Amino acid sequence: MNKSDKNSAVRAEELEKINLYSRKKLSEQEVYTFSINLCDNDIDRDGECFSDEALETLAELFVGKTAVLDHMAKSSNQVARTYETQVLEIKGKTNSLGKPYKVLRAKAYMPRNEKNKAFIEEIEAGIKKEVSVSCSARKRTCSICGKQSRSLECGHLPGREYGGKKCYAVLDEISDAYEWSFVAVPAQKNAAVTKNYKKFKGEKMQDIIKSFAEAEADISISGEQAKELYDYIKSLEQKREEAAAYREELCEEIKKLAAVVLPSLADSSAMAIGKMASTAQLLEIKKALKEKAEELMPFTVQLSSEKSSRIFNGRDYNI
Ligand SMILES: [Zn+2]
């Protein structure tokens, strides 16, 4: 966060811009201005980054938008308003993808009044604040498969590694920018971090779910969020079906192994145990039974359901 030049020098044209947003015409002495980096084109802690185009769109969309103390978009939390934005390319600096590093810098103002006094003092004192931006990105391209990140077709998680390649998602086609916020963070946590801001995407599933949990009154969701939510529920349903099928397969295997190892145990009892056990426990039971079965009947334990779960790639044999 840069202090404005002693603030006394709020340029006339800046004041003009500021007064476009102010209900009452503010004088030089009545406004406090500062500049702040909102976001960049580097990969963030969530494994996501904005494309250069997205930064340009964000720069356009953030003009006139407010800054809040946190993402609870209550009007009482509004502390500043953005009146100027710019995408800056930092000469000689590259992002983690090796591309020229770009940052979206905003200028914001707030009235110099009693309410803002403490806050202005904090900025002046250089007390670091983390900034997070809230916006909607229509396109989130997975770096591994090129499909929409976190969709059913993709299945890769940003931040994870696949075949030695780190997965990240490029955010593009920004449809809206809502606000940006100051998030207070412990000083020492921030001290060593040069990239001291976090992107906050309005459309992220955890955020949507969190907003449901925190809702104190009626809330509305955007079409985009509704679509996200639908995809998310669908993916959960699919996972649940897969998990159920897997458990069923495990139970079947346990039943067959139990018939070998513990012939006196009724099938129904083996299945009843299977129903109560967690998947991890089922795997453990299966492993123990299988070891015992192999001891008792070496070479003869062949489970048909195991065979069917192995998929061979025919091309491997074209040597
Ligand atoms: Zn993918």
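I started with a strand pair: S2 and S6 run antiparallel, and nine bridges join them. I'm working from a predicted model, so I keep that in mind throughout. Looking for a partner for Ile36, I found Ala106, which sits across the bridge in S6.

How much of S2 is buried? I get seven of its 10 residues, so the rest of the structure largely encloses this strand.

**Whole chain**

I stepped back for an overview. The protein chain has nine helices and 11 strands. Of its 319 residues, 26% are buried. I also looked at contacts with a separation of 6 or more: residues 24 or more positions apart account for 70% of them.

**Ala108**

Back to S6, where I picked out Ala108. Is Ala108 buried or exposed? I find 24 C-beta neighbours inside 10 Å, and the cut-off for buried is 20 or more, so Ala108 counts as buried.

Next I listed what Ala108 touches, leaving aside neighbours within four places in sequence. The contacts are Thr33, Phe34, Ile36, Ala67, Ala80, Arg81, Thr82 and Tyr83. I checked Arg81 in more detail: 27 residues separate it from Ala108 in sequence, yet their C-alpha atoms are 5.2 Å apart.

**The largest core**

Which residues have the most contacts inside the largest nonpolar core? My notes say Leu38, Leu58, Leu104 and Tyr109, in a core of 38 residues. I then asked which elements give two or more residues to this core, and the list is S2, S3, H2, S4, S5, S6, S7 and S10. S10 gives the most, with seven residues.

I followed Leu104 next, again skipping neighbours within four places in sequence. Leu104 is in contact with Leu38, Cys39, Asp40, Leu55, Leu58, Ala59, Thr85 and Val87. Apart from this core lies another one of nine residues, including Ile254, Ala258, Leu282 and Ile285. A general reminder for myself: in soluble globular proteins, nonpolar side chains tend to be buried together.

**Helix H2**

After H2 comes Gly64, which has a positive phi, near 90°.

**Glu173**

Glu173 has one, near 50°. Most residues other than glycine have a negative phi, so I flagged this for a second look. Glu173 is in S10. With 14 other C-beta atoms within 10 Å, Glu173 is partly exposed.

**Helix H8**

Last, I took H8, residues 279-296, and checked its length. At 1.5 Å a residue, its 18 residues should span 26 Å; I get 25 Å between the end C-alpha atoms, which agrees.

Notes. Residues numbered from 1 in each chain as written. Predicted model: local features only at pLDDT ≥ 70, side-chain atom pairs only at ≥ 80, totals over all residues. Helix = DSSP H or I, 4+ residues; strand = E, 2+ residues; numbered from the N terminus. Expected span 1.5 Å × (residues − 1). Core = buried A, V, L, I, M, F, W, Y, C linked by C-beta atoms within 7 Å. Buried ≥ 20, exposed ≤ 12 C-beta atoms within 10 Å, placed from the backbone. Contact = placed C-beta atoms within 7 Å. Pairing = 2+ DSSP bridges.
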